[in-house]
Amino acid sequence: MSKDISQVLYSAEELAQRVEALGKEISEYYKKEHINSLLVVSVLRGSVIFFSDLIRHIDDLDLEFDFITISSYGSSAETCGKADILNDVAEKVAGRHVLIVEDIIDTGITMAAVVERFLAKGVKSLKLCTLLDKPVRRKVQNLKIDFCGFEVPDQFIVGYGLDYAGRYRQLPYIGVLEPSVYKK
Ligand code: PRP
């Protein structure tokens, strides 16, 4: 374990199990709705590891994927309160069933900006999937999360895609960052 991590919140094994279950839940939902064509959009950069694992557990769907890059935190530990779209999706999304995949929903500002953008583009349906939800920090109301891995406490967590100042994304587990690292 990295010396900067005070506690492992979810081990690699726990993450793998939960991500597989989420993939099955998503597959079953679309099957039940008789939807067989889906565009899955990863919100970069944090969701990329979760996304890569998740889509390999979504079966029986004609699936395409794309990416949108959003940044709200810069290099600091606190959100700056607005989400900038740095790179938009390449695919046409009007009239398509779209599933957005995030690593974490915190204030909800990023996801709200993504939802607004996709609804304005005229998607046929829009569903939200996040690995982690931190509801205690929410600033945006009425954000409906359709698929969620874990509800997490208000701790500074990194790993499995989540960063602090660009670091720790490659950790195979999700852990709590030592306060001395970000309070320096
Ligand atoms: C992180 C995370 C989410 C967002 C959640 O992204 O990946 O996209 O913050 O926070 P919010 O609910 O308060 O908006 P960040 O802006 O740090 O960029 P990153 O994906 O490159 O890590």
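Which helices and strands each supply at least two residues of the shell around the ligand? They are β3 (62–71), β5 (97–105) and α3 (109–120). This is a predicted model, in which local features need pLDDT of at least 70 and side-chain atom pairs count only at pLDDT 80 or more, while totals for chains, interfaces and linings use all residues. Residues are numbered from 1 along each chain as its sequence is written, and side-chain values use heavy atoms, with hydrogens and water left out.

**View 1. The shell around the ligand.** The ligand is surrounded by 18 residues (one heavy atom within 4 Å). Glu102, Asp103, Thr107, Gly108 and Thr110 are the closest. Strand β5 gives the most to this shell, with four residues. Helices (H or I, at least four residues) and strands (E, at least two) are DSSP runs, numbered from the N terminus.

View 2. A backbone N or O atom of glycine 46 lies 2.8 Å from a ligand oxygen atom. For aspartate 106, a backbone N or O atom is 2.8 Å from an oxygen atom of the ligand. Aspartate 163 places a polar side-chain atom 3.2 Å from a ligand oxygen atom. Of the 500 Å² of accessible area that the ligand has on its own, the protein covers 94% (Shrake-Rupley method, 1.4 Å probe).

**View 3. Helix α2 (residues 48–55).** Phe50, Phe51, Leu54 and Ile55 are buried in this helix (under 20% relative accessible area, 1.4 Å probe, protein chains only). Seen down the axis of α2, its buried residues fall within an arc of 115 degrees, so they line one face of the helix; the arc is taken over directions from the helix axis to the C-beta atoms. The buried residues of α2 pack against α1 (12–32), β2 (37–44), β3, β5 and β6 (125–133), with contact meaning heavy atoms within 4.5 Å.

Definitions and conventions:
A polar contact is a pair of N or O atoms within 3.5 Å; within protein, one must be able to donate a hydrogen and the other to accept it, and residues adjacent in sequence count only if both atoms are side-chain atoms. Buried means under 20% relative accessible area, exposed over 50%, partly exposed in between (1.4 Å probe, protein chains only).
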